[in-house]
Each structure stands twice: as structure tokens, then as C-alpha cells.
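Subject: Structure handover

Hello,

Here is the structure for you to open. My notes on what turned up follow below it.

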Amino acid sequence: MRALTFPYTRLGGFLLPIVPVTILSRTLAFRTDAYVDSGAFYSIFRAEILDSLQLRKDQGQVKMLRAADGKLIRSHLFRLPLQIGTVKLRALVAFSDQLNVGFNLLGRHTVFSSFDEVAFNERARNVVFRLAD
């Protein structure tokens with residue numbers, strides 16, 4: 001079994017499961033970081049990333065998503081290639097200018113399911129994405 005292991009990142013005095021993610025459009029790539037969030041269904045990224053990928057909001061499907069605080073946030077869904085470590089996958093991702101948590105979120109839908117296991121090791125302070133060979 002192949003494993004991608006990412007050490008937790010220190011942010012605001014906390015160690016968090018934040019991993020590098022590259023989002024691809026047809027001709028461009030944008031590298032960012034995202035919090036690995038097992039409580040999030042969709043992956044949600046800041047809307048300004050769309051500009052860097054030369055994508056328009058109106059090219060995505062409008063979707064109202066419920067945030068952790070219970071509020072609905074307007075987002076735009078796109079099916080795009082993502083790269084996490086050395087693994088490329090196609091994922092349904094949302095972009096929103098109402099994402100107010102301070103970081104992008106990597107959620108379960110089409111991301112976690114692309115791996116055999118996503119494990120948080122609090123003692124070792126890392127997150128592991130496992131794939132069968």
C-alpha cells in the first residue's frame with residue numbers, strides 16, 4: 001500500500017492537518033493549502049482562486065452549502081483535477097467568497113473516496129492518505 005504522509009502545520013498556535021493541494025484548469029495550475037476536514041462533505045476553496053485558474057463563477061453550478069456554524073454560504077461547484085502529493089484525481093470542488101474560516105477545506109466527497117484510507121495520527125501529528133498498489 002502506498003502512503004502519502006503530511007506533517008501537521010502550525011497555524012495560530014495550533015498544529016493542524018493542512019496539506020498542499022494543486023488545483024488544475026485546462027491550461028493553468030494553482031497551488032494552495034487546505035485543511036483536511038473529515039466533517040466537510042464538499043471541498044471548499046476561496047473564490048479568488050477561480051481568477052488564478054481563469055475560470056468564471058458562472059461556469060460552475062450554484063450551490064448553497066451549510067457551514068459549521070449553521071449558516072448557508074453561496075458557492076460555485078466545479079469538477080476539476082486536483083493533485084495531492086503525487087496523486088491526481090478529479091474532484092467536485094466548491095468555490096465561495098463567503099468561506100470565512102481562514103483556510104480552504106478539503107472535504108470527503110470525491111476526495112476521501114479517491115483513497116483507500118485517510119487517517120489522522122494525532123500522536124505523530126500527521127495525516128496519511130493511503131492507496132492500494
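In what order do the three strands of the open sheet run, and is the pairing parallel or antiparallel? The order is 1-12-11, and the pairing is antiparallel.

Before the rest, the ground rules. This is a predicted model, in which local features need pLDDT of at least 70 and side-chain atom pairs count only at pLDDT 80 or more, while totals for chains, interfaces and linings use all residues. Residues are numbered from 1 along each chain as its sequence is written, and side-chain values use heavy atoms, with hydrogens and water left out.

**The open sheet**

Strands here are DSSP runs (E, at least two residues), as are helices (H or I, at least four), and both are numbered from the N terminus. Two strands pair if DSSP finds at least two bridges between them. Five bridges join strand 11 and strand 12, in the antiparallel sense. In that pairing V118 sits opposite F129 of strand 12.

**Strand 8 and its partners**

Strand 8 pairs with strand 4 over three antiparallel bridges. There, I23 has L82 as its bridge partner. Strand 7 (residues 61-66) also runs antiparallel to strand 8, with six bridges. The hairpin of strand 7 and strand 8 has five residues between the strands, and its G70 takes a positive phi near 95°.

Strand 8 and strand 9 share nine bridges, again antiparallel. L77 has A94 as its partner in strand 9. This hairpin has two residues between the strands, and G85 takes a positive phi near 60°.

Buried means under 20% relative accessible area, exposed over 50%, and partly exposed in between (1.4 Å probe, protein chains only). S43 lies in strand 6 (residues 43-46). S43 counts as buried because its relative accessibility is 0%. Its side chain reaches the backbone nitrogen of G107 at 2.9 Å. That is a polar contact: a pair of N or O atoms within 3.5 Å, where within protein one must be able to donate a hydrogen and the other to accept it, and residues adjacent in sequence count only if both atoms are side-chain atoms. Not counting residues up to four places away in sequence, S43 touches L92, V93, A94, L105, L106, G107 and V111. Touching, or contact, means heavy atoms within 4.5 Å.

S75 is in strand 8. S75 is also buried, at 0% relative accessible area. A polar atom of its side chain lies 2.8 Å from the backbone oxygen of K63. Leaving aside neighbours within four places in sequence, the contacts of S75 include Q61, L65 and F95.

**The cores**

A nonpolar core is a set of buried Ala, Val, Leu, Ile, Met, Phe, Trp, Tyr and Cys residues joined through side-chain atoms within 4.5 Å. The largest has 30 residues, and L106 and F129 touch the most other members. Elements giving two or more residues to this core include strand 1 (2-7), helix 1 (48-52) and strand 12 (126-131). Strand 9 gives the most, with five residues. A second, separate core has nine residues, among them L65, I73, L92 and L99.

**Aromatic pairs**

Rings of Phe, Tyr and Trp (its six-membered ring) pair if their centres lie within 6.5 Å; planes under 30 degrees apart count as stacked, over 60 as edge-to-face and the rest as tilted. There are six such pairs. In one of them, F45 and F95 have ring centres 6.1 Å apart and planes at 35°, so the pair is tilted. F45 is in strand 6 and F95 in strand 9, 50 residues apart. Both are buried. F78 and F95 form an edge-to-face pair, with 5.7 Å between centres and 80° between planes. F78 is in strand 8, 17 residues from F95. F78 is buried, at 7% relative accessible area. Ring pairs also link F6, F115 and F129 into a cluster.

Best wishes
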